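Dear colleague,

Please find below the structure that I am handing over to you. My findings follow directly after it.

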Amino acid sequence: MQDFNESDRDVAPDPEPEPELQAETASAEEKKPPSPTTQAREFNLNQIIQTALKADPVIQSAFENITQAEADLITAGLLPNPDVSVSGSLIPLDRTFTVNRQGGPPQFDAGISMPIDWFLFGKRAAAIVSGQHGVDVATADFANTIRLRIASAIAAFYSVLEAQAMLALAQENNANLTKVEQIILNRVALGGVGTIEADRIRLSIFSSHRDVHARELELNVAINQLRSLLGIVENVPIKVKGSLEIAAPAEPLQIDTAFKLAEENRPDLLSLQRQLAKANADIALEESKAYPQVVPKIGYTRQFQEQAIGYPDANSWGAGVDIVVPLFDRNQGNIAKAKSVLVQSRANLQAQLTTLRSEIDQGVNAFASAHQVLVNDDPGQLEAAKNVRDKINQAYELGGKTLIEVLDAQRIYLETYRLHITSRSNYWHSLYQLNAAIGKEVLR
């Protein structure tokens, strides 16, 4: 089963569009012919997801968090540098040392020291464990950023498809009312009906024009939201290739099943769990820092005493250990802070689990409702409404029906088709929202 945060996914083949929606599909932006050098960019769902992921600067920023965490891990594993000291002492200031005027003798000292408490008390090992947990947290946060971006891109894709279908339906309704108007004008010219019916149909056409304009604005908003997600700033027409039609509806999930899957796959939940592990590692790290610094050292000394006191120059060596006695500062503050972070991480994890339960419950119920509406939808209802509308239009042209009946049939067809579009759009939106809530593509 494919993870939801992966961008490669199968897209169902586009079925044949409804005959009524084939005639009018141009959006408000598409009405303006592009310049000869400007071509519309067409995207399917996969292309939209890929482009949105590449265009999002937040994703790049989240990826840099991984790089920074890996850099911290490298730093945690580095051994401390040795300390080399070179000095000269007992050098004459106001006179030269002699046998009769002794002093010194002058000497040259060289030494090297290196702390070993990182090894004795496990400080380096604790830092590496904490650093690795930091990388794990940053990786989970990055995966969650991708999850949210994919969910937004998919939602924008289906919003555009819905807006396109609604606009095409509004244009079809306007075209049908225009045909009815022509029929009425012919009948008025022949004296079959009064001019009041012509005025009535003009009012309906005016309302239809407003509906078309409103749908154009809705499509423009949806396309601009998609354009923003795709990172397209230039004025290039955008087309979306896809369909709202559903070949085989997916079966709804049980809430407990979906919640269990979410616990296993949600990257934000995984991040909080890893933050909890990191908080425990940080406590061990701060407690190891409470141990003293231990710095062994070894040195060499050259004494220049032949000229000063008449004895041969001498070489010698020495060794020692410097230990910082943790009498007052035993890292109490950082240990207390690390323990507080652990408590905070537990609270954040519990809060996220509570929120996740609510999100899963809402997502499962929304998809179940959309699935039920889709399954219970009579597939012949739309065709029946269309046939009734066309037959009443024909009967009205022959004088067998009233204008009220014509407009009522058109209204029923319009409402039925809108429900048809909305139900399919709700299905796709709720399906992918539930996948996003789970963190994995379990519904197709």
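In which helix is the place of His420? His420 lies in helix H12; helices here are DSSP runs of H or I with at least four residues, strands are runs of E with at least two, and both are numbered from the N terminus.

Please note that this is a predicted model, in which local features need pLDDT of at least 70, side-chain atom pairs count only at pLDDT 80 or more, and totals for chains, interfaces and linings use all residues. Residues are numbered from 1 along each chain as its sequence is written, and side-chain values use heavy atoms, with hydrogens and water left out.

His420 counts as buried because its relative accessibility is 10% (buried is under 20% relative accessible area, exposed over 50%, partly exposed in between, with a 1.4 Å probe and protein chains only). Its side chain makes a polar contact with the side chain of Glu245 at 3.3 Å (a pair of N or O atoms within 3.5 Å; within protein, one must be able to donate a hydrogen and the other to accept it, and residues adjacent in sequence count only if both atoms are side-chain atoms).

Helix H12 covers residues 403–438, and Gly439, with a positive phi near 90 degrees, follows it.

Turning to the strands, E3 (residues 107–113) pairs in the antiparallel sense with E2 (residues 83–89) over 7 bridges; pairing requires at least two DSSP bridges between two strands. Ala110 of E3 is the bridge partner of Val86. E3 also pairs with E5 (residues 294–303), again antiparallel and over 7 bridges, where Asp109 has Thr301 as its bridge partner.

Yours sincerely

Terms used. The expected span of a helix is 1.5 Å times one less than its number of residues.
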